[in-house]
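Please look over the sequence and the model shown here before reading on.

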Amino acid sequence: MSNNIFDKSTDDSWDLIITPQKSWFDLQLRQIWRYRDLLMLFVRRDVVAFYKQTILGPLWYFIQPIATTIVFTFVFGNLAGLSTDGLPQPLFYLAGITAWSYFADCLTKTSTVFRDNQAIFGKVYFPRVISPLSIVISNLLRFGIQMFLYVGMIVYFLFQGVSFPLSWEILLFPVFVIFMAMQGLGLGMMITAMTTKYRDLSYLVTFGVQLMMYATTVVYPLSSLGGKMYWVVALNPMTFVIEGIKKSTLGVGVLTPETFLYTSVVSLVILTMGFLIFNKVEKNFVDTI
Amino acid sequence: MSKAIQVENLSKVYQIGEFSTGTLSRDIERWWALARGKDDPFLKIGETNVRSEKGESNVVWSLKDLNFEVEQGEAIGIIGKNGAGKSTLLKVLSQVTTPTTGTIKMKGRVASLLEVGTGFHPELTGRENIYLNGAILGMQKAEVKKKFDEIVDFSGVDRYIDTPVKRYSSGMTVRLAFAVAAHLDSEILIVDEVLAVGDAEFQKKCIGKMDEISKGEGRTVLFVSHVMESVMEFCKNSMLLEDGIIKDIGQSEKIIDSYLSNSHTSKPKTKKNDSVIYFESVNTMDEFGKTKNIFSYNENIYVKVKYTVKSIINNTIVWFDIRRSGEILFCSSDTDFSNSFTLKRDRGDYTAIVKLDKNFFNSGTYNLVFGINSYKPDLEYDRLENVSFRVHDDQEMDNPEFYQRIGLIKPIVEWNVTKEVKYE
């Protein structure tokens with residue numbers, strides 16, 4: 001491919017033209033494709049660097065959800081006595097925690113992309129969006145590993161005599177995972193684009209994500225809510241994702257064509273907006289950060 | 001020859017001062033104050049007084065209306081003082097930031113090396129970092145794979161290739177990083193002052209490689225350096241930037257002369273006031289004490305070194321070396337003839353003047369590196385690199401065939417020839 005650059009017949013066809021302005025919709029998808037190897041190497045770097053020089057290595061992927069599940073079971077299940085839609089408490093919480101932490105990690109890590117990569121971005125050009133994409137993918141690997149724990153627990157409860165009314169809806173499970181990725185990535189990209197100018201937002205994200213979890217059906221089922229509270233929680237785009245994940249894997253949760261449509265539209269809008277804002281900021285952020 | 005780079009009306013403006021206050025709440029506060037017709041609460045004092053310049057005062061033209069072209073296969077040097085806009089130009093050319101006005105057109109793939117080892121991850125091994133760094137610089141995995149052995153070979157770290165980079169010495173890291181960059185398969189290579197790192201031997205190897213890249217492989221190279229002698233060595237043409245505009249562009253020798261004739265004193269970029277001993281400034285001058293950087297072959301060269309000692313210290317040496325073509329010609333220190341490394345220095349400002357004899361340096365550009373070190377323990381207190389001088393031999397100009405000599409130096413060597421036996 002690079003050989004025909006020297007082709008004299010294309011004497012005036014420049015390969016790269018740099019101009020001050022870039023349009024909102026110039027997403028450079030071809031550029032991203034050209035840097036796909038870098039994307040995979042970033043993913044590899046994140047995964048490898050995570051467990052190097054740790055004793056437990058990838059086991060850490062299990063420790064966090066297990067510990068949180070135990071705490072939630074104790075606090076929300078036993079002390080507060082919140083309903084779990086008839087599901088075994090550990091399973092209910094584990095489903096919510098695993099899904100939520102994927103979303104939360106994508107969001108928080110993506111929201112500091114510009115700040116974290118300041119040094120690299122200031123020295124070399126590659127499509128900046130590679131960095132947030134690599135975060136989403138490396139977290140997806142982690143999510144995949146955590147799914148073993150989840151499946152293991154389902155199998156355990158099956159042996160205990162609990163039955164899960166599964167249906168074709170299990171096919172929607174990967175779709176919901178993609179929705180989570182889209183929302184985490186989109187919101188994260190919006191926030192990181194804005195934190196280049198306003199640092200406040202990065203402080204907001206850390207506890208904002210924590211608070212948002214309580215407005216999502218992680219520690220309680222949607223069915224336990226009524227009136228105004230129902231609507232507040234239902235409008236939260238992550239709610240029906242978590243509900244959908246529970247419904248598709250455990251057979252209990254809210255999943256209707258309307259909620260599915262709502263979630264897919266909102267996810268798409270968030271991702272598109274994230275991409276556009278990120279794309280607008282990436283070119284010059286080096287000057288402002 | 002076709003053009004590889006074409007730059008038209010390129011400008012870059014930086015806003016200085018508070019174009020944003022940095023936090024959302026303050027921006028809202030400012031907006032609210034302005035909306036009520038009050039003064040901007042975050043405007044700096046003084047700014048409001050210069051009404052006439054107010055529109056202009058908070059912008060800086062880092063680059064102003066640059067126009068130039070670079071031929072394919074050409075190596076062009078970019079020189080200029082600190083703050084002349086060299087780095088900004090490279091940043092814009094390598095797409096790290098956008099220009100404010102103008103266009104840049106380039107042919108072929110562009111790789112830029114603004115820093116050695118960008119994106120190296122300390123936890124990853126040398127091997128993993130080669131792939132990662134290669135990809136960051138724009139190579140595909142398959143390309144890196146093809147060149148992997150060459151890269152390792154060039155870097156000379158093959159024994160440690162599966163060791164995490166955090167265990168490497170800084171020199172090894174630099175070698176590995178440069179090796180990756182040197183094997184980039186791009187048609188245009190943009191290089192910033194990266195050769196300043198690493199030892200002299202490796203610097204020489206790098207210059208050699210860059211030469212090979214531009215001359216042998218026909219790739220276009222843009223090279224920024226403070227080291228005049230490497231620019232001279234390796235770039236046929238150069239561009240002199242001054243305050244964001246192109247002061248001159250043309251043959252390296254001419255451009256470097258015009259840069260050096262604008263005599264300058266080198267000062268450390270950052271003040272190290274917490275250091276015990278540090279350089280104030282260094283410069284070269286003639287016998288009358290006039291600062292200059294271009295000398296005649298028949299002229300003594302004086303080097304003036306000013307340094308400050310903050311508290312009594314007795315185990316340091318102040319030294320410099322003179323380099324050409326990446327080779328250290330010689331080095332010298334103020335303890336050379338004192339028979340010991342211990343020279344007691346009291347608090348105070350010092351000036352050392354070193355005389356370099358005439359009729360010694362060959363015509364060409366030399367680079368000086370200054371340092372303050374202690375012998376035991378082995379510590380570096382300060383280091384200063386960007387001082388160059390040039391030597392001209394007028395006789396050479398008149399009669400190059402006879403007076404030109406190859407070699408790094410041109411000392412006067414006496415020959416005594418006697419005829420012992422006469423053959424008929």
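**Briefing on the predicted model**

Residues are numbered from 1 along each chain as its sequence is written, and chains are lettered from A and ligands numbered from 1 in the order in which they are written.

**Confidence along chain A**

- Over residues 1–11 of chain A pLDDT stays under 50, and the model has 7 contacts beyond four places in sequence for them, a contact being two residues whose C-beta atoms, placed from the backbone, lie within 7 Å.

**Where the chains meet**

- In the model, 31 residues of chain A are in contact with 41 residues of chain B.
- On the side of chain A that touches chain B, β1 (16–18), α2 (36–51) and α13 each supply at least two residues, and α2(A) gives the most, with 6 residues.
- Strand β1(A) and strand β4 (residues 101–106) of chain B run antiparallel and are joined by 3 bridges, where strands pair if DSSP finds at least two bridges between them.
- Within β4(B), B:I104 is the bridge partner of A:I18.

**A helix pair in chain B**

- Helix α4 (residues 126–136) and helix α6 (residues 170–182) of chain B pack at an angle of about 40 degrees, with their axes 10 Å apart; axes are lines fitted to C-alpha atoms, for helices over the stretch in contact, and angles run from 0 to 180 degrees between N-to-C directions.
- The contact is made by B:G126, B:N129, B:I130, B:N133 and B:G134 of α4(B) together with B:L176, B:A177 and B:V180 of α6(B).

**A sheet in chain B**

- In chain B, 3 strands form an open sheet in the order β10-β12-β15, with antiparallel pairing.
- Strands β10 (277–285) and β15 (348–356) of chain B stand at the edges, each with a single partner strand, so one side of each has no neighbour in the sheet.
- Strand β12 (residues 301–309) of chain B is joined to β15(B) by 9 bridges, and B:A352 in β15(B) is the bridge partner of B:V305.

Methods: This is a predicted model: local features need pLDDT of at least 70, side-chain atom pairs count only at pLDDT 80 or more; totals for chains, interfaces and linings use all residues. pLDDT is the predictor's confidence in each residue, from 0 to 100. Helices (H or I, at least four residues) and strands (E, at least two) are DSSP runs, numbered from the N terminus.
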